[in-house]
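The sequence and structure come first.

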Amino acid sequence: MTIRIPGRYDLTYLNHPDGYHTVLSLPTDHGSVGPVLGLVPTVGFWFPRNGRDPDSLQALGIVGKRILAGFLAPDRAATVSTMIPPILDAHLRGWPEVTDLATHLYPAVYEIAGRYFTGDRFWDRYGARLVPLLRPIAEEIDVPRAALAATPLYRFMPEYHATGKLDALLTRALRDMPDVPFIQEIRAAGVGDADLTWMMMYVLWNAVTYPGSYTLWTLVDILADPRIRRAIAESPDREEYLGWCAWETIRLNPVSALIRWLQKPLTYTASDGTRYYIPENTIVGAFPYLLNRDPHRWPEPDRYLPERFRDIPSPRTALFGTGPFGCVAGEFSRRLIAGVCGHLLDDRSVELMAPVPAKVCRVHLTYPSTPIWARIVNGAGDADYVARGTSEHLRRST
């Protein structure tokens with residue numbers, strides 16, 4: 001399927017599973033992300049950096065992935081589990097009994113992930129100001145707003161003003177705390193002085209945005225299904241089962257699209273033998289949603305079945321991509337999401353108060369269209385929930 005944007009470029013999607021692998025396996029000099037990142041306002045053309053061309057932007061993105069991979073080595077990623085209880089408990093003390101999860105959960109997840117990457121000293125000083133800047137930048141950018149950002153009207157957009165404040169805050173942090181490990185590791189990767197704050201932004205963007213969205217939806221998926229609640233409470237390995245829940249939520253709510261800018265032509269052979277020629281200087285992409293709803297790959301693809309991952313120890317390709325731009329945060333995300341959801345359900349009764357709202361797509365995750373109201377009562381965990389049965393209100397919401 002090709003979408004033609006007059007005067008700009010063609011956007012061709014390869015919708016067969018083979019097409020998904022074709023797109024993701026393209027080497028960086030064939031299918032690049034520099035021009036694609038350049039379309040995203042904060043990362044691409046609002047936040048100051050040394051170069052303004054797509055090649056330099058892609059080079060920064062590749063270095064950023066290498067920096068993230070260093071932070072996410074398995075021995076380091078395991079430490080996030082011990083960070084969750086004290087940070088989450090501190091946030092929970094400020095939550096009302098009837099809570100909008102969409103408003104209250106993400107600051108806790110942002111802090112856990114933010115402290116993991118930046119350290120306590122950095123986060124103690126700047127974290128409270130970083131969270132309200134990072135959130136609107138991610139949540140308010142959809143395709144129409146990204147187009148609006150390329151017009152003179154960008155000056156009136158709240159995410160533009162948040163980007164400016166974020167740049168000023170990170171510039172101050174770089175000046176005041178140049179010796180913190182977070183900044184030192186970025187310097188050690190060879191990032192030049194003119195790009196240091198951009199890279200700080202990029203690492204933080206990736207570190208908090210994806211866990212923030214997927215932790216929320218994993219918790220909502222668990223709360224909305226009494227069968228899942230019972231399975232978690234009765235599982236001999238709750239962390240493992242909660243990890244399956246995280247993967248199943250990601251499977252059902254993948255990133256909206258994976259696209260690459262073709263630096264040279266691509267000839268694609270479809271499953272029926274038909275050959276398609278896709279010219280250079282156009283965009284080729286794949287929809288993870290289609291791969292993740294393929295009934296040949298995923299039996300009963302529309303059902304929420306975490307148990308399907310019992311025999312799939314590492315569902316990397318479908319959930320986290322592959323190739324030179326694949327996500328490196330799979331194990332970290334699993335630990336963080338499972339840890340937060342498990343801790344919330346351990347000693348508290350958490351029940352949805354209304355049906356799950358519709359989801360809206362941003363760049364390039366899903367967010368709730370309305371508040372997600374839940375009642376949270378301390379001192380009653382999931383074992384008590386299973387014993388007393390599902391409330392009538394929750395049955396109505398599911």
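Aspartate 124 is exposed, with a relative accessible area of 55%. The cut-offs here are under 20% for buried, over 50% for exposed and partly exposed in between, with a 1.4 Å probe and protein chains only. This is a predicted model: local features need pLDDT of at least 70, side-chain atom pairs count only at pLDDT 80 or more, and totals for chains, interfaces and linings use all residues. Residues are numbered from 1 along each chain as its sequence is written, and side-chain values use heavy atoms, with hydrogens and water left out.

## Salt bridges

Aspartate 124 pairs with arginine 115 in a salt bridge, at 2.8 Å from N to O. A salt bridge here is a side-chain nitrogen of Lys or Arg within 4 Å of a carboxyl oxygen of Asp or Glu.

Helices (H or I, at least four residues) and strands (E, at least two) are DSSP runs, numbered from the N terminus. An α-helix has 3.6 residues a turn, so residues three or four places apart point the same way.

A network of salt bridges links Glu111, Arg115, Asp120 and Asp124. In helix H17 (residues 330-346), arginine 335 and glutamate 331 are likewise four residues apart, about one turn of the helix. They form a salt bridge too. Glutamate 331 is partly exposed, with a relative accessible area of 34%. The count comes to 20 salt bridges. Three of them are tabulated.

| Aspartate 124 | Arginine 115 | 2.8 Å |

## Nonpolar cores

In soluble globular proteins, nonpolar side chains tend to be buried together. A nonpolar core is a set of buried Ala, Val, Leu, Ile, Met, Phe, Trp, Tyr and Cys residues joined through side-chain atoms within 4.5 Å. The largest has 121 residues. Those with the most contacts inside it are Leu101, Phe122, Leu130, Phe182 and Met199. Helix H12 (residues 196-223) gives the most to this core, with 18 residues. Apart from this core lies another, of eight residues, among them Tyr9, Leu11, Ala257 and Ile283.

What does methionine 199 touch? Leaving out residues up to four places away in sequence, methionine 199 touches Leu60, Val63, Gly64, Ile67, Ile186 and Val191. Contact means heavy atoms within 4.5 Å.

## Helix H4

The buried residues of H4 include Leu60, Val63, Gly64 and Ile67. Leu57, Gln58, Gly61, Leu68 and Phe71 are also among them. The 18 residues of this helix (residues 54-71) should span 26 Å at 1.5 Å a residue, and the end C-alpha atoms are 26 Å apart, which agrees. The expected span is 1.5 Å times one less than the number of residues. At the start of H4, a side-chain oxygen of aspartate 53 comes within 3.3 Å of the backbone nitrogen of aspartate 55.

## Cysteines

The structure holds zero disulfides. A disulfide is a pair of cysteine sulfur atoms within 2.5 Å. Cysteine 245 counts as buried, at 0% relative accessibility. Cysteine 361 is in no disulfide either; the nearest cysteine sulfur, that of cysteine 327, is 17 Å away. Cysteine 361 is partly exposed, with a relative accessible area of 41%.

## Backbone and other sites

Most residues other than glycine have a negative phi, and most peptide bonds are trans. Asparagine 281 has a positive phi of about 60° although it is not a glycine. Asparagine 281 lies in the loop between strand E7 (275-278) and strand E8 (283-286). It is partly exposed, at 44% relative accessibility. Glutamate 300 has a positive phi near 50°. Its place is the loop between H15 and helix H16 (316-320).

Asparagine 292 belongs to helix H15 (residues 288-292) and is buried, with a relative accessible area of 0%.

Terms used. A polar contact is a pair of N or O atoms within 3.5 Å; within protein, one must be able to donate a hydrogen and the other to accept it, and residues adjacent in sequence count only if both atoms are side-chain atoms.
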